[in-house]
Amino acid sequence: MSHFSPDDLARQLGRGLLSFPVTHFDAQGSFLEGAYRDHCGWMLEHELTGLFAAGGTGEFFSLTPDEVAKVVGAAVQETNGRIPVIAGCGYGTAIATGIARDAEKQGADGLLLLPPYLMNSTQEGLAAHIEAVCRATGLGVIVYNRDNAVVDDETLARLCDRNPNLIGFKDGVGDIELMTRIFARMGDRLTYIGGLPTAETFATPYLTMGVTTYSSAIFNFMPQWALAFYKAVRAGDQAHVMAGLRDFVLPYIALRNRGKGYAVSIVKAGMRIVGRDAGPVRSPLTDLSPQEEAELRILIDRAKG
C-alpha cells in the first residue's frame, strides 16, 4: 500500500531534488536486488524528495514487466515510506496498465508514464492511453512529454479535468512556448518536473516557468554535488550554477554525446569510478570505452575537489 496519496505526492515532489537510481545487474545481466537496495539506501542518506524506480536511467526499456515490479518492490522496501517511490510505466496501453497495477500492488506511490514504444499517434490516441493508465490505478500519475508522446495544453487540460490522479507533468521536449502555455493554463493543478537530459543544464530557465524540481541522474554518483547545484539554482546563485555547468555539466554532456545511448552508460560509469559499481548496461546499450571512462574520472575528481 502506498504511503502518499496523489495530492500528497504532488506536494512532496515539488519541494526538492528528485533522482532515479540505476538498476544493478551482474555480468550476465540479472537483477541484483541486494546491491540495488543498498544503493537506494545510500541515496537516502542524502537530502532527496522522491525516487523514480525503474525509470529511464533505471533501464526501464530493457526490463520485463515482472522485473519492473521486482525493482519497484525493492525500492519500496528500502525507502519504507521515508520518501515517495514513483515507478516507471510504459509500452502499449495493455502492458502499461498491467505495469501500473503491479506497481500499486508493490506499494509504489506514483507512476511516471513514459512514451509508448515506437508508436506515433494523434492527440486523441495519446489521451486515451494516458487516461487508461490513470483509471487502472489509484496512484498519482506523472505524464512524461517526450519523443513520440507529446501532448499539448488542450489535451492535458481535458485529461486533468477527467482524472484527478493525474498530478504531474515532466517535460523532456524543451518547447518553451508549449511549456509556457501548459503552465499558464494549468497553474498549480500540476507539479512540474524538468526532464530534459541533462536536467541541470535547463534548471535555471525552467525555474522561471514554474518548474521547481528536476530528476538528477548525476545524484547517483555525486549526490552532494547534485544537491549543492540544485540549491544554487533555487537560490538564484548564478555564479555557482555557471561554474557547475562550465566545469562539470557541459564537459559531461560532451562526453555523453559521443555514443548513442550513453545517457545511462555514463551514469553507470560514474558509479564505478566512485566505488559503487552497478554492473554493465543491458544491450542494446553499450558501456563507455576505457578511454572515455578515464576522461569521466578526471571530470569527477575535479568536481569533487
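## A buried salt bridge

E59 is buried in this predicted model, with a relative accessible area of 0%. Its partner is K268: the side chains of the two residues meet in a salt bridge, with 2.9 Å from N to O. The pair links distant parts of the chain, 209 residues apart. K268 sits in helix α11 (residues 262-273), while E59 is in the loop between β2 and α3 (65-79). K268 also counts as buried, at 0% relative accessibility.

## Other salt bridges

Side chains of opposite charge can pair when their charged atoms come close. The structure holds 16 salt bridges. One of them joins the side chains of E47 and K231, at 3.0 Å from N to O. E47 lies in the loop between α2 (33-43) and β2 (50-53), and K231 lies in helix α9 (residues 223-235), so this pair ties together parts that are 184 residues apart in sequence. Is E47 buried or exposed? E47 is exposed, because its relative accessible area is 51% and the cut-off for exposed is over 50%. K231, with 44%, is partly exposed.

A further salt bridge is formed by the side chains of D153 and R181, at 3.2 Å from N to O. D153 belongs to helix α6 (residues 153-162) and R181 to helix α7 (residues 176-186), so the bridge ties together parts 28 residues apart in sequence. D153 is buried, with a relative accessible area of 10%, whereas R181 is partly exposed at 34%. Through salt bridges that share partners, D153, E177, R181 and R185 are joined into one network.

## The largest pocket

Rolling a probe the size of a water molecule over the atoms shows where empty space is left. The largest pocket contains about 1100 Å³ of space. It is lined by 39 residues, and the closest to its centre are G56, F61, R146, D147 and V264.

Which elements give two or more residues to the lining of the largest pocket? They are α8 (199-207), β8 (213-216), α10 (238-256) and α11. The largest share comes from α11, with three residues.

## Backbone details

Y91 is placed in the loop between β3 (85-89) and α4 (93-105). Y91 counts as buried because its relative accessibility is 18%, and the cut-off for buried is under 20%.

The bond from P197 to T198 is cis, with omega near -15°, and T198 is found in the loop between β7 (191-194) and α8. The bond from S283 to P284 is cis too, with omega near 15°. P284 has its place in the loop between α11 and α12 (290-304).

Methods. Residues are numbered from 1 along each chain as its sequence is written. This is a predicted model: local features need pLDDT of at least 70, side-chain atom pairs count only at pLDDT 80 or more; totals for chains, interfaces and linings use all residues. Side-chain values use heavy atoms; hydrogens and water are left out. A salt bridge is a side-chain nitrogen of Lys or Arg within 4 Å of a carboxyl oxygen of Asp or Glu. Helices (H or I, at least four residues) and strands (E, at least two) are DSSP runs, numbered from the N terminus. Buried means under 20% relative accessible area, exposed over 50%, partly exposed in between (1.4 Å probe, protein chains only). On a 1 Å grid over the protein atoms alone, a cavity is a set of points where a 1.4 Å probe fits but cannot get out, and a pocket is an open set with protein on both sides within 12 Å along at least five of seven lines; lining residues have an atom within 4 Å of a point. Grid points are joined across faces, edges and corners, and a volume is the space filled by probe spheres set on the points.
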